[in-house]
Amino acid sequence: MRSVPTWALVSSGCAPVFLVMGWLMAASLQGAPYDPAAQTISVLAAPGNSGSWVMTAAFIALGFCHLLTAWGLRPAATAGRTALAAGGVSALAVAVFPAPSSGGSLGHGSVAAVGFAVLAAWPVLAARAGTAVPWALRPFPSLGATAVMAAGAAWFLIELHLHGAAGVAERAVTTLQSVWPFVVVVSCLRGPLGDGRPS
C-alpha cells in the first residue's frame, strides 16, 4: 500500500486550479477598474466588488485543499505537515477577514502574512533524510523550494511598498506555493515506498 493516499493527488492538484481560476474569473467579473499587474488578488475578494464571491470561494477551496493534503502527506515530517495545514487555515482566514475596498486592514494583513510565512516554510520543515525518502521531501529540494518562495514573498513586499507590480509578484509566489504540495505528492507516489512512516 502506498504511504500517500491517491485522494491527496486530487486535493493538491486542485489547489492551484482553484486559486488561478478564482482570480481569473473574479478579475473578469470586476472589469476594467481592476489592474491585475498592480493590484493584489485580495482586492478581488473585497466586499462590494463584483467578483468578491468568486475569489472568496477560491480562498476557501484552497484552504480545504491544503488541509486535506497535509492530512494525507504522511511521509513528510510532522512540522511540515503542520505548517501546510496552517497555510490552509490562513487561506480560510483570508476569506473570513477580506481586504477592505479601500485602505488597509490589520486583520487581513496579519493572516495574509502568516499564510505567506508558513507556506514558504513548510517545504523545509517537511524535509526528511534517508535514501528511501521521496526526492521532493529530501533536504536540498525542500530548502530550494523554501528559498524560492521566501524570495518571491520578499519581491512581493518590495513591489507592494513601491506601488509597483505587486499583483504580478503575488501571483507568482502564490502559484508556486499552491503547486509545490502537488509536486511533493507526485514524488511520494512515484518515489521509494520503503520509508513512508510519518515522523
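The chain has 6 helices and 0 strands. From the N terminus on, then, the order of elements reads α-α-α-α-α-α. What you are looking at is a predicted model.

Confidence next. The mean pLDDT of the chain is 90, and 92% of the residues score at least 70. Among the elements, helix α2, residues 52-72, has the highest mean, 97. The lowest belongs to helix α4, residues 106-126, with 91. Over residues 193-199 the pLDDT stays under 50. The model has 18 contacts beyond four places in sequence for that stretch. Where pLDDT is low, predicted coordinates should not be read in detail.

Now overall dimensions. Along the principal axes, the C-alpha atoms fill a box of roughly 55 × 30 × 25 Å. The radius of gyration of the chain is 17 Å; a compact globule of 199 residues would have one near 16 Å, so the two agree.

The packing I want to show is that of α4 with helix α5, residues 139-162. How do their axes cross? They come within 6 Å, at an angle of roughly 160°. Angles over 145 degrees count as roughly antiparallel, which means that α4 is roughly antiparallel to α5. The crossing of α4 and α5 is left-handed.

Which residues meet there? On the α4 side they are Phe116, Leu119, Ala120, Ala121, Pro123 and Val124. On the α5 side they are Ser142, Leu143, Ala145, Thr146, Met149, Ala150, Ala153 and Phe156. By type, the residues of this α4 and α5 contact comprise 12 nonpolar, 2 polar and no charged.

Note on methods: Residues numbered from 1 in each chain as written. Predicted model: local features only at pLDDT ≥ 70, side-chain atom pairs only at ≥ 80, totals over all residues. Heavy atoms only, no water. pLDDT = per-residue confidence, 0-100. Helix = DSSP H or I, 4+ residues; strand = E, 2+ residues; numbered from the N terminus. Contact = heavy atoms within 4.5 Å. Axes fitted to C-alpha atoms, helices over the stretch in contact; angles between N-to-C directions. Parallel < 35°, antiparallel > 145°, perpendicular 65-115°, else oblique. Left-handed = near helix turned anticlockwise from the far one by under 90°. Nonpolar A, V, L, I, M, F, W, Y, C, P; charged D, E, K, R; others polar. Rg over C-alpha atoms; globule rule 2.2 N^0.38 Å.
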